[in-house]
Amino acid sequence: MSLTSSIKAWLASPPVLRFFFAIGRRVAPLASIRGTRMVLRGVDVLEVLRGTERFGVAANYAARMAATTGPFFLGMEDTPQYRRERAFADAAVRGDDLPRIEEIARSCAREALAVATPTGRLDLVGGYSRHVPLVLVQRWFGVVGPDEATLARWLRTIFWDLFLNFSPGDPAVTAAAAESSREMNAYLDQLIAQRRAELAGGGVPVTVLDRMITLAGGEFRDLPADAIRRNIAGLVVGAVDTISKAFIYALQELLNRRVPLAEAIRAARSGEPDRVTGYALEALRFRPHNPLLIRYALSNTTLAAGTRRAKSLTSGDRLFAWTLSASFDAELFPSPRRFDPSRPRESYLHFGGGMHRCFGATLATSVVSILLATYLEVGPYPTAEREQDDGPFPDRWIVAIPKPGNS
């Protein structure tokens, strides 16, 4: 890594950002930098995320989604199409599926550790934190893919361009996403046709995709012909690398905190998954997998109206809602520098807020906690190879597992 890259990485690290945000919340909580409004105070971040009639997402995501997976409701404003397609997804993804999701994730995580043990090495990313949610995409969502590696490439490259390729963007990232989208959309069209024929022949709907096919032939028959493909693609694109990154970052934060790590290990080994969730969420407050959310003013409006920091916005103005900064604002998180895994779960901003809150937030939280608990039951293990990244994603991290019979 060059000196310039090292300096940039240091400046973007959570501890450094937290230091500057602490100053910014006091002296310039709504500063404009290069035409983008930086939203740092907790109450202002909540105003932006919850005020969906004033602050929207379509200007950032709609065109990118149209060029890749196709229009997806989380990239729409509160329109009749948004409400109809959101209802379609809600009907296909049922709350009572969570025990099944957790069982798949838990058994898959344990299997991954068992397979790695005889070799003495485990890739915590490729062989664990990405592998487990990929299996969920295959078994629960119903998108098997030609093979796991191809499916993983599709989902990562598309997600990267949609959510992390900030304007003006890297053309190589956009090109990779375009190629993946062409391949994945063609595959999904074939898969949907195949499953539709199998269900018509008496097959039983067992996956989210199966339910979408059934719903589109019944109460949601008014949806466009491509609605199934667009919506299943929109759901699975965010289901893998978000979970993987959150697990890796939560674990890394805990490894740097001796007492919380020991407490999390005790909770995992005593079979207390809810306590482990608290440690995962609190660790992510210090090292979030996503530190900000982008919104645009939908009309001329005022942010933080009635306060001394109030700012007038013009329709189209871009805002960075820094959830990392809000997570260390004492108004939202009392004693913010204290590591407290007992904080109310609803206070965390890891998955956004308002109508555009991550659709899979409950699933992601549960799977991250299962990955952490399952690993801490037997680990943590010493690092054998330094972690490697692929752009904004953890990509490889080898740990050394004691082989059976070794002390």
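1. Contact here means heavy atoms within 4.5 Å. With that cut-off, and leaving aside residues up to four places away in sequence, Y375 touches L113, L124, Y128, F247, L251, P380, Y381 and V399.

2. A word on the ground rules: this is a predicted model, where local features need pLDDT of at least 70 and side-chain atom pairs count only at pLDDT 80 or more, while totals for chains, interfaces and linings use all residues. Residues are numbered from 1 along each chain as its sequence is written, and side-chain values use heavy atoms, with hydrogens and water left out.

3. Helices are DSSP runs of H or I with at least four residues, strands are E runs of at least two, and both are numbered from the N terminus.

4. S369 also sits in α17, which runs over residues 361–378. Is S369 buried or exposed? It counts as buried because its relative accessibility is 7%; the cut-offs are under 20% for buried, over 50% for exposed and in between for partly exposed, with a 1.4 Å probe and protein chains only. Leaving out residues up to four places away in sequence, S369 touches V276, T277 and A280. S369 and A250 are 119 residues apart in sequence, yet 9.5 Å apart in space, C-alpha to C-alpha.

5. In α8 (residues 131–141), 9 of the 11 residues are buried, among them Q138, W140 and F141. Just after α8, G142 takes a positive phi of about 95 degrees. As for α10 (residues 171–200), its 30 residues should span 44 Å at 1.5 Å a residue, and the end C-alpha atoms are 43 Å apart, which agrees; the expected span is 1.5 Å times one less than the number of residues. The buried residues of α10 pack against α9, α11 (208–216) and α12 (227–237), and R195 and N185 are among those buried residues.

6. Most residues other than glycine have a negative phi, and most peptide bonds are trans. A304, not a glycine, has a positive phi of about 60 degrees; it lies in the loop between β6 (301–303) and β7 (311–313) and counts as buried at 4% relative accessibility. S335 is another non-glycine with a positive phi, about 45 degrees, in the loop between α16 (323–326) and α17; at 40% relative accessibility, S335 counts as partly exposed. A cis peptide bond joins G379 and P380, with omega about 0 degrees, and P380 is in the loop between α17 and β9.

7. Last, the largest pocket. What is its volume? About 1,900 Å³. A pocket is an open set of points on a 1 Å grid over the protein atoms alone, where a 1.4 Å probe fits, with protein on both sides within 12 Å along at least five of seven lines; lining residues have an atom within 4 Å of a point. Of the 44 lining residues, A9, A12, S13, L17 and P291 lie nearest the centre. The largest share of the lining, 7 residues, comes from α2.

Terms used. Points joined across faces, edges and corners; volume = space filled by probe spheres on them.
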